[in-house]
Amino acid sequence: MPWWMLLIVIGICFSAYMTLRSAKEEKEVETAIIEKEGQVYMDRIQEEREKKQVVNV
């Protein structure tokens, strides 16, 4: 097997590794953003509940 074919195989493996690593990092960032948005939503709901309790009292 010629040496350049070995380089191509190594390049393909490296590319696959980098793709998987990037996908994992993107998923973590996306999860963090979703959690942050969810927390903002829950905070708004809590504020509305508190406003309703103050009006009812």
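Me: What makes Met1, Trp3, Trp4, Met5, Leu6, Leu7, Ile8, Ile10 and Ile12 a nonpolar patch on the surface?

Reply: Together these residues have about 1,000 Å² of accessible area and form a nonpolar patch, where a patch is built from residues with over 30% relative accessible area and no salt bridge, nonpolar side chains (Val, Leu, Ile, Met, Phe, Trp, Tyr) being joined within 5 Å and like charges within 9 Å. The areas come from the Shrake-Rupley method with a 1.4 Å probe, and for residues only the protein chains shown count as cover. This is a predicted model, in which local features need pLDDT of at least 70 and side-chain atom pairs count only at pLDDT 80 or more, while totals for chains, interfaces and linings use all residues. Residues are numbered from 1 along each chain as its sequence is written, and side-chain values use heavy atoms, with hydrogens and water left out.

Me: Why is Met1 called exposed, and where is it found?

Reply: Met1 has 75% relative accessibility and therefore counts as exposed, the classes being buried under 20% relative accessible area, exposed over 50% and partly exposed in between (1.4 Å probe, protein chains only). Met1 is found in the segment before α1 (3-56), helices being DSSP runs of H or I with at least four residues and strands runs of E with at least two, numbered from the N terminus.

Me: Why does Met18 count as partly exposed?

Reply: Met18, whose place is in helix α1, has 28% relative accessibility, so Met18 counts as partly exposed.

Me: What makes Arg21 and Glu25 a salt bridge?

Reply: The side chains of Arg21 and Glu25 meet at 3.7 Å, N to O, and the rule asks for a side-chain nitrogen of Lys or Arg within 4 Å of a carboxyl oxygen of Asp or Glu, so the pair qualifies. The two residues are 4 residues apart in helix α1 and are therefore separated by about one helical turn. Arg21 is partly exposed at 40% relative accessible area, and Glu25 is partly exposed at 42%.

Me: How many salt bridges does this rule give?

Reply: The count comes to 2 salt bridges, and one of them joins the side chains of Glu48 and Lys51 at 4.0 Å, N to O. Glu48 and Lys51 both lie in helix α1, 3 residues apart, about one turn of the helix, and Glu48 is partly exposed at 43%.
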